[in-house]
Protein chains: 2
Amino acid sequence: MELVRNTISRYVQFTEPQWQQVLSVWRERPFAKGEVITAAGDVEHWFSIVKEGTQRLFFEHDGNEACIGFSYGESWSGIFDSFVQQRPSRFVLQAVSPSVLVSVRHDDLQRLYERIPAMERFGRLILEELVVGRATREIEQLTLSAQQRYDRLMARSPQLMQLVAQKDIASYLGMSPETLSRLRAKK
Amino acid sequence: MELVRNTISRYVQFTEPQWQQVLSVWRERPFAKGEVITAAGDVEHWFSIVKEGTQRLFFEHDGNEACIGFSYGESWSGIFDSFVQQRPSRFVLQAVSPSVLVSVRHDDLQRLYERIPAMERFGRLILEELVVGRATREIEQLTLSAQQRYDRLMARSPQLMQLVAQKDIASYLGMSPETLSRLRAKK
DNA sequence: TTAGCCGCTTGACCTGCATCAAGAAAGTTC
DNA sequence: GAACTTTCTTGATGCAGGTCAAGCGGCTAA
């Protein structure tokens, strides 16, 4: 549980007895390569920190997939809108490589919110991060060309090309796999 | 301050002394038609409830504007990513019609967060709404054609056509004004 | 090792929407 | 209410990037 403690303590501090309560409800969940972690139509019960592996979040529509995001390193993972509303997910979360998530259940998190005011703050701070991240992505999708979006992603997360299939990156960038392939070929 | 009390009480409840504290920091801010409420490069100091009028949020890039959202009715208004980070805004918030916002300053809100745990919860719940709304918009931008996006908007917010310029709606839907005009013309 | 899949590349073609342009309509200002 | 500005419409043209198709190369599994 060192991972959880280190990660959370970047946001809020607890007393030692509070830490015991907080840490006690997290558990490790392993997933095989390709395994669906949360399916479309299911309610997302978990909020997770990535311990190992890479995951992708995507939306399925008439046979196509639109990739919305990736999680890896020590980032957050989960289907956040389904999680906060506790309503069926429109997205799929899938392990791209063998993965271990360290996760807390929605109901356990609500109990922590009730008991520990600083936990409520943690929830708020995480959501603030998500809002900022989404705003940035929206600007980039709206104002940059395919080429510029690719350049921007490579500048920010070059390691992503090694972690996930090129077609998923293409989808994430809002272009066809062929277009991304051609962008990479020239120059 | 009835508006503020009614709006907030849809999310959390306070004791009467807490309500006094909470309500005391909100103030009305009037804006003329066309007035810029928060400019790009400025830090957004306010989180607001719309009392009157319509506002638009947009991003400027090499002479063009990309409209990101509107606020009207009794919705929230403000530049949320700049507000939560207290960093310069990439967006502009502008009054489309004569407007009155009822607003709380960032530092006053932080003080309320410190003093009233239920206020922290209010902040969290608002952010949850924002995250869900952004996820829905992202799905629609990614998976629907120009025609479908227009139909969807008309089904959900038909009154918007009366409130703002057609070119801003076009921009919000991610298409040129000419394309929207043609969509509306046919059938 | 080999057979079978995917995923990646490359080429040819196509199309939805942007851009440019110009006139009509509507809104704003004094 | 006349002059000006801005927005909306409609037509003509262009192009970025999508779609279809075929060959290749590299994992995966028995």
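E138(A) and R137(B) form a salt bridge (a side-chain nitrogen of Lys or Arg within 4 Å of a carboxyl oxygen of Asp or Glu), with their closest N and O atoms 2.6 Å apart. Because E138(A) belongs to helix α5 of chain A and R137(B) to helix α5 of chain B, this pair joins two chains. The model is predicted: local features need pLDDT of at least 70, side-chain atom pairs count only at pLDDT 80 or more, and totals for chains, interfaces and linings use all residues. Residues are numbered from 1 along each chain as its sequence is written, chains are lettered from A in the order in which they are written, and side-chain values use heavy atoms, with hydrogens and water left out.

**Interface between chain A and chain B**

- Chain A contributes 32 residues to the contact and chain B contributes 32 residues, where contact means heavy atoms within 4.5 Å.
- About 3000 Å² is buried between the two chains, 67% of it on carbon and sulfur atoms; buried area is the accessible area (1.4 Å probe) that two parts lose on being put together, summed over both.
- Between chain A and chain B, 10 residue pairs are in polar contact, both residues being at pLDDT 80 or more. A polar contact is a pair of N or O atoms within 3.5 Å; within protein, one must be able to donate a hydrogen and the other to accept it, and residues adjacent in sequence count only if both atoms are side-chain atoms.
- On the side of chain A that touches chain B, two or more residues come from each of β4 (55-61), β5 (64-71), α3 (80-85), α4 (106-115) and α5 (117-143) of chain A. Helices (H or I, at least four residues) and strands (E, at least two) are DSSP runs, numbered from the N terminus.
- The most is given by α5(A), with 18 residues.

**Salt bridges**

- The structure holds 32 salt bridges over all chains, and 10 salt bridges are found across the interface of chain A and chain B.
- E138(A) also forms a salt bridge with R134(B), with the closest N and O atoms 2.5 Å apart.
- E138(A) counts as buried at 13% relative accessibility, and R137(B) counts as buried at 8%; buried means under 20% relative accessible area, exposed over 50%, and partly exposed in between (1.4 Å probe, protein chains only).
- E120(A) and R124(B) meet through their side chains in a salt bridge (2.4 Å, N to O), and both residues are buried.
- A network of salt bridges links E114(A), E120(A), R121(B), R124(B) and E128(B).
- Within chain B, the side chains of D108(B) and R111(B) meet in a salt bridge (3.0 Å, N to O). These two residues are separated by about one helical turn, because they are 3 residues apart in helix α4 (residues 106-115) of chain B.
- D108(B) is buried, with a relative accessible area of 18%, whereas R111(B) counts as partly exposed at 40% relative accessibility.
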